[in-house]
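Please consult the sequence and coordinates displayed below alongside the text.

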Amino acid sequence: MTTTESKTSSYGPMLLTFLAGAAVGAVVVALTTPKTGPELRGDLKDLANRAKRRTGELADDASEAWDGLKGRTALAASDLKRGVTDAANDLRG
């Protein structure tokens, strides 16, 4: 694994940690701000809707990344198979 791959693979957990912290912070602010019941419920509903939408976006991004990884893995496996077959044919003469 190269340094670039190592850095890239560590962004996922870091991003999830950041988003979890931001969500907790938003809930704390919403609950500690003096508002009426309907206002607070509306704010929490908006927050939940934004979190749901963002989670969907992250899931789509993860799905695209997974599909790309599967495609690159299939190509690498095909190249490896071709290389092994060529090497075996070369050894046979």
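## Basis of the model

The model is predicted: local features need pLDDT of at least 70, side-chain atom pairs count only at pLDDT 80 or more, and totals for chains, interfaces and linings use all residues. Residues are numbered from 1 along each chain as its sequence is written, and side-chain values use heavy atoms, with hydrogens and water left out.

## Overall make-up

The protein contains 2 helices and 0 strands; helices (H or I, at least four residues) and strands (E, at least two) are DSSP runs, numbered from the N terminus. Helix α1 covers 3–32, and helix α2 covers residues 37–92.

Of the 93 residues in the protein, 2% are buried. Here buried means under 20% relative accessible area, exposed means over 50%, and partly exposed lies in between (1.4 Å probe, protein chains only). The protein exposes about 7700 Å², of which carbon and sulfur atoms supply 64%. These areas come from the Shrake-Rupley method with a 1.4 Å probe; for residues, only the protein chains shown count as cover.

## The second largest pocket

The second largest pocket has a volume of about 300 Å³. Among its 13 lining residues, those closest to the centre are Leu19, Ala23, Ala51, Arg54 and Thr55. A pocket is found on a 1 Å grid over the protein atoms alone, as an open set of points where a 1.4 Å probe fits, with protein on both sides within 12 Å along at least five of seven lines; lining residues have an atom within 4 Å of a point. Grid points are joined across faces, edges and corners, and the volume is the space filled by probe spheres set on the points.

Helices α1 and α2 each supply at least two residues of this lining, and α1 gives the most, with 7 residues. By type, the lining divides into 10 nonpolar, 1 polar and 2 charged residues. In this division Ala, Val, Leu, Ile, Met, Phe, Trp, Tyr, Cys and Pro count as nonpolar, Asp, Glu, Lys and Arg as charged, and the others, Gly among them, as polar.

## Salt bridges

The whole structure holds 3 salt bridges, each defined as a side-chain nitrogen of Lys or Arg within 4 Å of a carboxyl oxygen of Asp or Glu. Arg54, a residue of the pocket lining, pairs with Glu57 at 3.0 Å, N to O. Both lie in helix α2, 3 residues apart, about one turn of the helix. Arg54 is partly exposed at 35% relative accessibility, and Glu57 is partly exposed with a relative accessible area of 35%.

Asp67 and Lys70 form a salt bridge at 3.7 Å, N to O, and they too lie in helix α2, 3 residues apart. Asp67 has a relative accessible area of 42%, and Lys70 has 45%. Asp79 and Arg82 meet at 2.6 Å, N to O. Because Asp79 and Arg82 are 3 residues apart in helix α2, about one helical turn separates them. Asp79 is partly exposed at 46%, as is Arg82 at 45%.

## A nonpolar surface patch

Val27, Leu31 and Leu44 form a nonpolar patch on the surface, with about 220 Å² of accessible area together. Patches are made of residues with over 30% relative accessible area and no salt bridge; like charges are joined within 9 Å and nonpolar side chains (Val, Leu, Ile, Met, Phe, Trp, Tyr) within 5 Å. Leu44 lies in helix α2 and is partly exposed, with a relative accessible area of 31%.
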